[in-house]
Amino acid sequence: MSATVTFSVDTAQGPKDASVVYRRAGAGDPLLLLHGIGHHHQAWDPVFGILAAERDVIAVDLPGFGASPALPDGLAYDLAGVVPVLAALCTALDIERPHVVGNSLGGLLALEMGREKLVRSVTALSPAGFWTEAERRYAFGTLLAMHRGASLLPRPAIERLARSAAGRAALTSTIYARPGRRSPEAVVAETRALREATGFHQTLAAGRTVQLRDTFTMDTDAIPVTIAWGSRDRLLLRRQGIRAKQTLPGARLVRLPGCGHVPHGDEPALVARVIEDTCRRAVAV
């Protein structure tokens with residue numbers, strides 16, 4: 001069951017209230033899960049129970065996505081605007097330096113939280129930002145087309161499509177290598193999350209200036225980092241994982257065979273093992 005927490009965030013205009021919707025379960029070391037652009041915390045459902053068997057797992061709707069309201073006035077949808085909100089969220093939930101796992105946009109945020117030393121370990125699944133300009137334009141164009149398609153389809157049409165494997169592929173094959181494994185209810189919910197995301201366009205606009213390759217640095221000795229990439233990622237092509245490894249040579253690069261851009265929906269057990277391996281490396285450091 002989801003809950004909502006409201007907390008104060010410092011802005012240029014002074015402290016303002018932000019609210020985030022989240023799901024929390026389990027016990028042990030805290031583990032924060034951050035989804036990608038246009039998604040919601042339910043994207044983590046395939047691995048949530050596996051991870052919660054050993055950890056205190058918190059899956060959040062990022063501000064402006066899922067059921068979370070937009071950022072307060074004075075905060076932008078860039079790293080400088082969103083990461084302080086996530087730090088304040090951790091304080092509000094009494095979480096100290098969680099492990100963090102992020103996918104796509106969430107992976108970019110997770111890496112920035114690692115650079116700011118706000119977390120114990122980072123697992124970044126196909127993180128944004130290691131693209132060339134041409135690859136960024138391709139990814140953003142694809143995302144815009146997905147958003148427009150989701151916005152134009154009436155809900156009854158989405159529900160009809162989601163009832164068949166072919167329809168689920170039409171709706172979600174850009175991000176899943178095995179869209180038929182998604183339930184009709186999940187596909188309807190994530191298509192609605194994409195069309196109703198109030199932070200979608202602002203996040204894309206902020207992302208136009210993000211370029212991590214050859215510039216991003218962090219202490220991977222103190223904070224273990226795993227970068228994992230699906231071999232069938234059609235949105236952020238897997239060669240970007242090699243650039244991420246070149247940028248962060250101390251990070252571990254893991255290939256996820258048969259997985260798409262949202263690998264935890266394709267191979268939950270495999271992704272859960274990768275996450276757990278990273279968390280355990282933090283204990284050994």
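A residue is called buried here if its relative accessible area is under 20%, exposed if over 50% and partly exposed in between (1.4 Å probe, protein chains only). The model is a predicted one, in which local features need pLDDT of at least 70 and side-chain atom pairs count only at pLDDT 80 or more, while totals for chains, interfaces and linings use all residues. Residue numbers start from 1 along each chain as its sequence is written, and side-chain values use heavy atoms, with hydrogens and water left out.

Now for the sheet. Helices (H or I, at least four residues) and strands (E, at least two) are DSSP runs, numbered from the N terminus. Two strands pair if DSSP finds at least two bridges between them. On that basis, 8 strands make up an open sheet of mixed pairing, in the order β1-β2-β4-β3-β5-β6-β7-β8. The edges belong to β1 and β8 (252-256), each with a single partner strand, so one side of each has no neighbour in the sheet. On average, neighbouring strands are turned by 25° against each other, direction ignored.

At the β1 end, strand β1 (residues 2-11) pairs with strand β2 (residues 14-25) in the antiparallel sense over 10 bridges. A hairpin through 2 residues links β1 to β2, and Ala 3 sits opposite Tyr 22 in β2. On to β4 (residues 56-60): its pairing with β2 is also antiparallel, over 4 bridges, with Ala 25 facing Val 57 in β4.

Two helices lie over this part of the sheet. Contact means heavy atoms within 4.5 Å; axes are lines fitted to C-alpha atoms, for helices over the stretch in contact, and angles run from 0 to 180 degrees between N-to-C directions. Helix α1 (residues 45-52) lies across β2, β3 and β4, at about 80° to β2. Helix α2 lies across β1, β2, β3 and β4, at about 125° to β1. Ala 80 belongs to α2 (residues 79-92) and is exposed, with a relative accessible area of 59%.

Strand β5 (residues 99-103) is mostly covered, with 5 of its 5 residues buried. His 99, Val 101 and Asn 103 point one way, and Val 100 and Gly 102 the other. Strand β3 (residues 30-34) runs parallel to β5 and is joined to it by 4 bridges, with Leu 33 opposite Val 101. Strand β6 (residues 121-125) also runs parallel to β5, through 5 bridges. Thr 123 is part of β6; leaving aside neighbours within four places in sequence, its contacts include Val 100, Val 101 and Gly 102, along with Thr 226 and Val 274.

Elsewhere, helices pack in pairs. Angles under 35 degrees count as roughly parallel, over 145 as roughly antiparallel, 65 to 115 as roughly perpendicular and the rest as oblique. The axes of helix α6 (residues 165-172) and helix α7 (residues 184-195) come within 11 Å and cross at roughly 25°, and the two are therefore roughly parallel. Arg 168, Leu 171 and Thr 172 of α6 meet Pro 184, Val 187, Glu 190 and Thr 191 of α7. For helix α4 (residues 133-152) and helix α8 (residues 200-207), the axes come within 11 Å and cross at roughly 175°, which makes α4 roughly antiparallel to α8. Residues making this contact include Phe 140 and Leu 144 of α4 and Phe 200 and Leu 204 of α8.
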